[in-house]
Amino acid sequence: VHKSVAGVAAAERASPKFTLHFTEDHHGFYINDQKFAVDAKPMTVVHIGTYQHWRVVNDSHEMHPFHIHQLHFLTYAQDGRAVPNPVWRDTVNVPQDSTIDVVMDFTDPVIRGMSVFHCHILSHEDKGMMAKVLLK
């Protein structure tokens, strides 16, 4: 798959377009202080044809793998430092008390509609650590 080097580099230099925070307490697991609800509005709306810098912040004391459906992203920094040999993927481990910066590839014209991103640990996802993204 051909990626726009200039588009990816521009997204890396840009401020985050969207930041998500993984948190948890004795009541459950959250993204941006919200538990997933089937009837919830999308947490963010994305326009197809773009690359976006997203920041994933893990404010908990355990690792949470970030996963998104329908697309791939390039993990290029952890805790503000460049990642050696970045690769395109759909899941990345976000260590405890850590930040991951990614370039989301929203350029595929086929991806449209509602999708989700979540912690890829099933019990965390089931207890609320999932959110919707509208791709349009």
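1. Both Trp54 and Phe106 are buried, where buried means under 20% relative accessible area, exposed over 50%, and partly exposed in between, using a 1.4 Å probe and protein chains only. The model is a predicted one, in which local features need pLDDT of at least 70 and side-chain atom pairs count only at pLDDT 80 or more, while totals for chains, interfaces and linings use all residues. Residues are numbered from 1 along each chain as its sequence is written, and side-chain values use heavy atoms, with hydrogens and water left out.

2. The structure holds 6 aromatic pairs, a term for rings of Phe, Tyr and Trp (its six-membered ring) whose centres lie within 6.5 Å, with planes under 30 degrees apart counted as stacked, over 60 as edge-to-face and the rest as tilted. One of them joins Trp54 and Phe106 in a tilted arrangement, at 5.7 Å centre to centre and with 50° between the planes. Trp54 lies in strand S4 and Phe106 in strand S10, so this pair ties together parts that are 52 residues apart in sequence. Strands, like helices, are DSSP runs numbered from the N terminus (E, at least two residues, for strands; H or I, at least four, for helices).

3. Phe66 and Phe73 form another tilted aromatic pair, at 5.4 Å centre to centre and 45° between the planes. Phe66 counts as buried because its relative accessibility is 0%, and Phe73 is buried with a relative accessible area of 0%. Both belong to one aromatic cluster, made up of Phe18, Trp54, Phe66, Phe73, Phe106 and Phe117.

4. The largest nonpolar core has 26 residues, and those with the most contacts inside it are Leu20, Trp54, Phe66, Ile68, Met104 and Phe117. Such a core is a set of buried Ala, Val, Leu, Ile, Met, Phe, Trp, Tyr and Cys residues joined through side-chain atoms within 4.5 Å. Among the strands that each supply at least two residues of this core are S1 (18-25), S4 (50-58), S5 (64-68) and S11 (113-119), while the largest share, 4 residues, comes from S10. Apart from this core lies another, of 7 residues, including Val8, Ala11, Ala77 and Val103. In soluble globular proteins, nonpolar side chains tend to be buried together.

5. Which residues does Ile68 touch? Leaving out residues up to four places away in sequence, Ile68 touches Trp54, Phe73, Asp90, Met104, Val116, Phe117 and Val133, where contact means heavy atoms within 4.5 Å.

6. His53 lies in strand S4 and counts as buried because its relative accessibility is 4%. The side chain of His53 reaches the backbone oxygen of Ala14 at 2.6 Å. Not counting residues up to four places away in sequence, His53 also touches Pro16, Phe18, Tyr76 and Asp101, among others.

7. Five strands form an open sheet in the order S3-S12-S11-S5-S9, with mixed pairing; two strands pair if DSSP finds at least two bridges between them. The edge strands are S3 (44-46) and S9, each of which pairs on one side only. Within this sheet, 4 bridges join S5 to S9, which run antiparallel, and Pro65 stands opposite Asn93 in S9.

8. S1 and S2 form a hairpin with 2 residues between them. These strands run antiparallel and are joined by 4 bridges, and Asp25 stands opposite Gly28 in S2.

How values were computed. A polar contact is a pair of N or O atoms within 3.5 Å; within protein, one must be able to donate a hydrogen and the other to accept it, and residues adjacent in sequence count only if both atoms are side-chain atoms.
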